[in-house]
Amino acid sequence: RKNVKLSNLYLKAFNGVIKGNLAINNLFKNDITNTDVKNAKFDGNLIAEKVEINSILKDFKVSIPLEYFPYGRLNSKFKLTGFLTSPEIVGKAFFPEISFDKKFSTIPNIPNVNADINYKKELINVKTELNSPDYGKTQIDFLMKNLEQIIVKTKYNNLKASTLNAFVPSFNATKGFFTGKTDTSFSLTELKNAKPYTLANLSRVMNIKTANNITGTNFSYSSYIKGLKKLNGELSFNMGQGALDSSFNLATNNFGEIKGTLALDPKEDLDIDFIINNLPIKIVEKYIKNLDIKSGLLDITSKTSVKLAKLAKSSSLYNIASSINTKSKIKLRDGKLSYIRSAKKKLTITNGFADIDFTLKNSILDSKLLLKSNEFGIADGYIKFDKDTNIDGKITNKEIKLVNLNSFTDLIHIKDGKAAVGVRIIKQD
């Protein structure tokens with residue numbers, strides 16, 4: 001006989017149990033002492049109970065960073081076929097809960113995970129469905145090649161935004177949900193060697209493509225974006241080979257609306273094209289001492305490119321200017337603010353309006369401005385400077401109410417009157 005049949009098989013493996021019926025066909029050539037391992041094939045229907053996935057991964061020496069290393073027990077029904085030297089497994093599995101070591105990870109546990117498993121030599125494919133408060137309704141198609149290359153395709157509905165805190169460096173969300181899809185691919189070895197897991201390092205070893213609808217999200221990102229509240233809209237993001245690009249159309253309760261595109265290439269050249277509407281100027285209040293802002297909204301349009309590597313090394317105004325090219329427009333409406341110099345001295349601006357256009361290219365600045373307020377009348381003018389630091393500027397201010405000058409000094413006390421002022425600025429080397 002060439003075959004071996006095992007009925008009512010019962011094995012302890014990976015701290016769990018595997019049982020069922022298993023045959024190994026063509027194991028022997030002519031007699032029991034002469035095996036044919038090359039042509040031997042499995043044929044079995046098996047059940048796994050409480051098998052530890054972490055033990056399987058450790059036994060196969062799969063390299064996963066501790067932050068993302070999963071723990072849990074699986075229950076599965078599967079069919080075992082294929083050659084003895086290259087078995088194949090097709091089946092269904094259920095994980096009561098997948099957890100992560102809290103000493104290294106902040107990833108929320110994943111309860112009630114159902115999975116379809118397809119395993120061949122050098123290829124593992126797991127299709128997972130889960131439904132929980134943290135992960136929403138999520139489908140994950142996981143593919144591993146040669147125990148090294150990872151490809152993950154994910155679709156999610158009402159994924160809790162705070163769940164992303166554990167996966168996106170410097171991202172901190174407290175409320176809201178994401179619905180969309182994300183495709184990710186990377187090498188486990190390259191990921192392991194990419195520490196610390198900054199956005200720059202990850203962009204060199206991971207390929208990510210994602211498109212999302214965002215609902216009611218409160219979040220901050222690093223030191224650049226803080227305190228966004230009830231963010232709603234659309235966000236797409238692509239990252240790979242040291243580059244990233246993004247498009248966005250978003251609205252918040254406290255920062256107005258923003259839409260545009262962003263791209264960063266491997267040379268750290270950043271291109272931003274955006275429009276911001278209804279941005280409250282009150283956001284600058286906390287950065288300027290004694291400033292009290294009652295109202296005011298900004299509209300900003302900008303097309304900007306920045307050489308980040310050059311900018312980081314810049315120490316002079318000229319070097320900073322040479323790192324940035326921009327064409328921008330800023331409008332302020334309904335500005336009402338006060339600068340408190342002392343208990344008795346307060347400079348107030350009401351019904352403030354501003355319209356500012358400026359272009360900076362190759363260290364040459366060209367700008368125009370128009371300013372209006374009840375207290376300081378109408379000011380308009382321009383200012384230019386070139387790469388030789390020559391300056392040419394002119395500002396004309398009409399209908400200034402002189403009583404506001406009392407806020408600057410104790411030496412005068414003006415009751416009434418208006419003035420007009422013209423200033424010309426010229427500096428040439």
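A residue is called buried when its relative accessible area is under 20%, exposed when over 50%, and partly exposed in between, using a 1.4 Å probe and protein chains only. By that rule Thr210 is buried, at 11% relative accessibility. The model is predicted, so local features need pLDDT of at least 70 and side-chain atom pairs count only at pLDDT 80 or more, while totals for chains, interfaces and linings use all residues. Residues are numbered from 1 along each chain as its sequence is written, and side-chain values use heavy atoms, with hydrogens and water left out.

**Thr210**

- Thr210 sits in strand β12, residues 206–221; strands are DSSP runs (E, at least two residues), numbered from the N terminus.
- Its side chain makes a polar contact of 3.3 Å with the side chain of Tyr156; such a contact is a pair of N or O atoms within 3.5 Å, where within protein one must be able to donate a hydrogen and the other to accept it, and residues adjacent in sequence count only if both atoms are side-chain atoms.
- A polar atom of the Thr210 side chain also lies 3.1 Å from the backbone oxygen of Lys181.

**Ser363**

- Ser363 belongs to the loop between β19 (346–361) and β20 (364–373).
- Ser363 is buried, with a relative accessible area of 2%.
- The Ser363 side chain reaches the backbone nitrogen of Ser322 at 3.5 Å.
- Beyond neighbours within four places in sequence, Ser363 is in contact (heavy atoms within 4.5 Å) with residues including Tyr318, Phe385 and Lys387.

**Tyr339**

- Tyr339 is placed in strand β18, residues 324–340.
- Tyr339 is partly exposed, at 34% relative accessibility.

Terms used:
Helices (H or I, at least four residues) and strands (E, at least two) are DSSP runs, numbered from the N terminus.
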